[in-house]
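Hi everyone, thanks for coming.

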Amino acid sequence: MKFDRTARRKIWSLVVTVLTAACVVAILIPLGDIIYQAALLGGPVLSFSVLTSNLPQPCSVPVNGVPCQVGGIGPALEGTGLVVSLAALVSVPIGLAAAIFASEYRGRFLGSAISFTADVLTGVPSVIAGVFIYAYFVIYDPLIVFSVITGTLALSVIMIPIVTRTCEEALRTVPHSVREAALALGIPKWRTTLQIVVVAALPAILTGILLSVMRAAGEAAPLLFTLFGSRLGFQGFNNPMDALPLLIYNFAESPYQNWIHLAWAAALILIILVLVASVLSRLTIQRLVRRMRGE
Amino acid sequence: MVDGKMQVEHLSAFYGKSRAIEDISLGFPEKTVSAIIGPSGCGKSTLIRCLNRMHETLPRTRVEGRILLDGEDVLELDPIYVRRRVGMVFQRPNPFVTMSIYDNVSVSLRFNGHHSRQEMDAAVIRSLQQAALWDEVKDRVDAPAMSLSGGQQQRLCIARALAAEPEVLLMDEPCSALDPVATTKIESLVAELKNDYTVIIVTHNMQQAARVAELTAFLYLGKLVEVGLTEDMFERPKERLTEQYITGRFG
């Protein structure tokens, strides 16, 4: 049977549509499965007290009729919140400043060097970030090798290149004509950059920062040798703390039933946190954009 | 052509190693409209971008020669000071998309020193009136700049440049992105502006030059071919090249 051109085109169009739709499903399956598994295994122990309680004693079967404690992930949640916030405080100013230099002083050697370095650093395995900080402190300040300070620095090593790269891209999307318009009005370059270019790129910059925060919140590897993990909450910046990914890593491979369930619960909470933060900030950014455009 | 408001002497401008304009000497008299015409790539935009030192904002650019503004060499002054005295309107309307109409017009005042609300209001109204946009936007100056049409946006950019109270206004093909109606509006606006400002307009449209400018300079391949009263230039061109260009034999 012979098709005319239109029929053949329509069939191709259908085939390609089906293929691309299949790809959408293919990327949704892992996400759906992860959430499903975490909800299935962590869901039953989830409650408000899980968020605040301390870690439980290890337990797999009831002893003397006393059921296993569920416990909670309070210290880990506290640690993740603290270390990620501190790392954001360190990396956002540095990353944004580097991005501004790289994008506004294009063509200079240092500007290209920043982009290149950030690119390479983004590709460095995150465990290396932890080992790097670990090695540095073992030599120069061994007393605080395992501490909030080193954990913060290790996460910063992960975050700075991401912030730099995404902010640089954000700034580059601002058309050159905008800079020219401002400069031609006799507005100094620094004001043009900070008050016009950065403001115009703000939604994309915030998205980039958010991306780096979410990445850091989920990282266990850089914290293994730095923040280390702890059963206690905040004990000072010189002492170790726990974090959600560390707790998942440590508890998921333990032999104790209640710890394994808690690890799943922690995974579920981490996913929910990232999802909620992502949706909320996207909405905020959209509102910001709309207000800027005056819609 | 001597003793202009702006005077260009032996000006050459470079992009890297390539020379975009070569040894141009030219004067722009006060409170007149001067047009710079020539085919694409002849260096007319480069020339006016030198006048407010925007040329040097691009990487690897260089300028040689002298550019006098009231007798002072622009190339030796602070570029920010120069740009406040020599305003510019670009080819494509480029309002600040994140700002309202009011904020766009008042931006040069807000970012350059302190001005009271009354001063800013007065400057915004005056500039929008001068740019013949006031009647269209007076009820919605807080609306976003992007809610305006292309032609209105270009007049907004003119108002924004005028709010800084420049002495010279450079216009780099200000109508090339606009429809004929908007173009007519801008052209009649230019005719008004010459009462208060020295206007230098780059255009690839010869009819436009004939309509708005008293003085016309013809550039070809980076060199000044001919300059003179617009009438003479279009009716009795001295150079064969000029004649060929204005009769449309190339360009």
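Which elements each supply at least two residues of the lining of the second largest cavity? They are H7 of chain A, together with strand S6 (86-89) and helix H6 (150-163) of chain B. Helices here are DSSP runs of H or I with at least four residues, strands are runs of E with at least two, and both are numbered from the N terminus.

Some housekeeping first. This is a predicted model, where local features need pLDDT of at least 70 and side-chain atom pairs count only at pLDDT 80 or more, while totals for chains, interfaces and linings use all residues. Residues are numbered from 1 along each chain as its sequence is written, chains are lettered from A and ligands numbered from 1 in the order in which they are written, and side-chain values use heavy atoms, with hydrogens and water left out.

Back to that second largest cavity, then. About 50 Å³ of space lies in it. From chain A, its lining includes A:Ala181, A:Ala184 and A:Leu185; from chain B, among others, B:Met88, B:Phe90, B:Cys157 and B:Arg160. By kind, the lining divides into eight nonpolar residues, two polar and one charged. For the sorting, Ala, Val, Leu, Ile, Met, Phe, Trp, Tyr, Cys and Pro count as nonpolar, Asp, Glu, Lys and Arg as charged, and the others, Gly among them, as polar.

You'll want the grid details: on a 1 Å grid over the protein atoms alone, a cavity is a set of points where a 1.4 Å probe fits but cannot get out, and a pocket is an open set with protein on both sides within 12 Å along at least five of seven lines; lining residues have an atom within 4 Å of a point. Points are joined across faces, edges and corners, and a volume is the space filled by probe spheres set on them.

Among the residues lining the largest cavity are A:Leu121, A:Val157, A:Ile162 and A:Arg215. H6(A) gives the most to that lining, with four residues, and the lining divides into eight nonpolar, one polar and one charged.

Now the largest pocket, with about 620 Å³ of space. It is lined by 26 residues, and the closest to its centre are A:Glu104, A:Lys189, B:Thr57, B:Leu58 and B:Pro59. H7(A) gives the most to this lining, with four residues.

Phi of B:Asp23 is near 45°, a positive value in a residue other than glycine; B:Asp23 lies in strand S2 (residues 18-28). Phi of B:Arg53, also not a glycine, is positive too, near 60°, and B:Arg53 sits in the loop between helix H1 (44-51) and strand S4 (61-69).

Are these two buried or exposed? B:Asp23 is partly exposed, with a relative accessible area of 47%, whereas B:Arg53 is buried at 11%. Buried means under 20% relative accessible area, exposed over 50%, and partly exposed in between, with a 1.4 Å probe and protein chains only.

That's my tour, so over to you for questions!
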